[in-house]
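Thanks for asking me to look this over with you. Please keep the viewer open while you read, so that you can check each point as we go.

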Amino acid sequence: MKRAHNVDIEMDVKVDMNEKDGNGRDGEEEQQHLDCQHVSMESQELHAVPFEAISLHARTENDKAVDILSINLKRNRLSVVVTELYSFISLHTLDLSRNKIHTISPGISQLVHLERLILLSNKLKISTIPLDELEAMSQLVHIDFRCTFM
C-alpha cells in the first residue's frame with residue numbers, strides 16, 4: 001500500500017484543574033471527559049473484545065456518552081479484529097499489538113476517523129487483510145504491521 005506521507009506525532013495533554021474549558025467544564029470534569037475517551041485493557045489475557053465494558057467506559061459520572069478516541073487492547077489473546085469494534089466510529093487510534101490476530105474482518109473502513117492502526121506482533125497473513133479498505137481510509141496515516149506476518 002502506498003501513502004503520500006506518513007505522520008507520527010506524540011503529544012502530552014495537560015489540564016489545569018482550576019480553569020473552565022471552552023465548553024464550560026471545570027478542570028476535573030474535563031479530565032474525566034478525557035479519561036473516558038481513552039480505553040486501555042492492556043495485558044488482561046482477553047480472548048474476546050469486551051464491548052459492553054468499553055461502552056460503559058464511555059460514560060461520565062453524569063451518564064453522558066463520550067466518543068471513544070483510542071482503544072488499547074495490546075498484549076492480550078485476541079485472534080480476530082471483529083466487526084463490533086467498527087461501531088466506535090470516532091476512534092482515532094486502535095492498538096491491537098502483541099495479540100494472536102490472524103484475521104481482520106471486513107468493514108474496517110467504517111472507522112472513518114482512524115489515524116493509527118497498530119497490529120505489531122500478530123499472526124496475520126497478507127491475504128486476510130482488507131487492503132482495499134485500508135487504502136480507502138483517508139485519515140489513516142500510520143499502520144504498524146511489524147513482526148506480524150506468518
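The numbered points below go from the overall layout to single residues.

1. **What we are looking at.** This is a predicted model, in which local features need pLDDT of at least 70 and side-chain atom pairs count only at pLDDT 80 or more, while totals for chains, interfaces and linings use all residues. Residues are numbered from 1 along each chain as its sequence is written, and side-chain values use heavy atoms, with hydrogens and water left out.

2. **Overall layout.** The protein chain has 3 helices and 7 strands. Here helices (H or I, at least four residues) and strands (E, at least two) are DSSP runs, numbered from the N terminus. Along the sequence they follow the pattern α-β-α-β-β-β-β-β-α-β.

3. **Surface and burial.** Of the 150 residues in the protein chain, 38% are buried. Buried means under 20% relative accessible area, exposed over 50%, and partly exposed in between (1.4 Å probe, protein chains only). The accessible surface of the protein chain is about 9,200 Å², and 48% of this belongs to carbon and sulfur atoms. These areas come from the Shrake-Rupley method with a 1.4 Å probe; for residues, only the protein chains shown count as cover.

4. **Contacts along the chain.** Take the contacts in the protein chain between residues at least 6 apart in sequence: 50% of them join residues at least 24 apart. A contact means heavy atoms within 4.5 Å.

5. **The sheet.** Which strands build the open sheet, and in what order? There are 5 of them, in the order β1-β2-β4-β6-β7, with parallel pairing. β1 and β7 stand at the edges with a single partner strand each, so one side of each has no neighbour in the sheet. On average, neighbouring strands of this sheet are turned by 5° against each other, direction ignored. That angle is taken between axes, which are lines fitted to C-alpha atoms (for helices over the stretch in contact), and angles run from 0 to 180 degrees between N-to-C directions.

6. Strand β6 (residues 116–118) pairs with β7 in the parallel sense over 3 bridges. Two strands pair if DSSP finds at least two bridges between them. Leu117 has Ile143 in β7 as its bridge partner.

7. **Ser70.** This residue lies in strand β2 (residues 70–72). Is Ser70 buried or exposed? Ser70 is buried, with a relative accessible area of 16%. Leaving aside residues up to four places away in sequence, Ser70 touches Gln37, His38, Val39, Leu91 and Thr93.

8. **Leu78.** Look next at the loop between β2 and β3, where Leu78 is placed. Leu78 counts as buried at 2% relative accessibility. The C-alpha atoms of Leu78 and Ala48 are separated by 5.8 Å, although these residues are 30 residues apart along the chain. Among the residues that Leu78 touches, not counting those up to four places away in sequence, are Leu46, Val49, Leu73, Leu96 and Ile101.

9. A search of the whole structure finds 4 salt bridges, each a side-chain nitrogen of Lys or Arg within 4 Å of a carboxyl oxygen of Asp or Glu. In one of them, Arg75 joins Glu42, with the closest N and O atoms 3.0 Å apart. Arg75 lies in the loop between β2 and β3 (80–81) and Glu42 in the loop between β1 (38–40) and α2 (51–57), so the pair ties together parts that are 33 residues apart in sequence. Glu45 and Arg77 also meet in a salt bridge (3.8 Å, N to O). Glu45 lies in the loop between β1 and α2 and Arg77 in the loop between β2 and β3, so this pair ties together parts 32 residues apart in sequence. Glu45 is exposed at 52%, whereas Arg77 is partly exposed at 37%.

10. **Asp144 and Arg146.** The side chains of Asp144 and Arg146 meet in a salt bridge (2.7 Å, N to O). Asp144 counts as buried at 7% relative accessibility, whereas Arg146 counts as exposed at 53%.

11. **A nonpolar patch.** Ile126, Leu131 and Phe149 form a nonpolar patch on the surface, with about 260 Å² of accessible area together. Patches are made of residues with over 30% relative accessible area and no salt bridge: like charges are joined within 9 Å, nonpolar side chains (Val, Leu, Ile, Met, Phe, Trp, Tyr) within 5 Å. Phe149 sits in the segment after β7 (142–144) and is partly exposed, at 39% relative accessibility.
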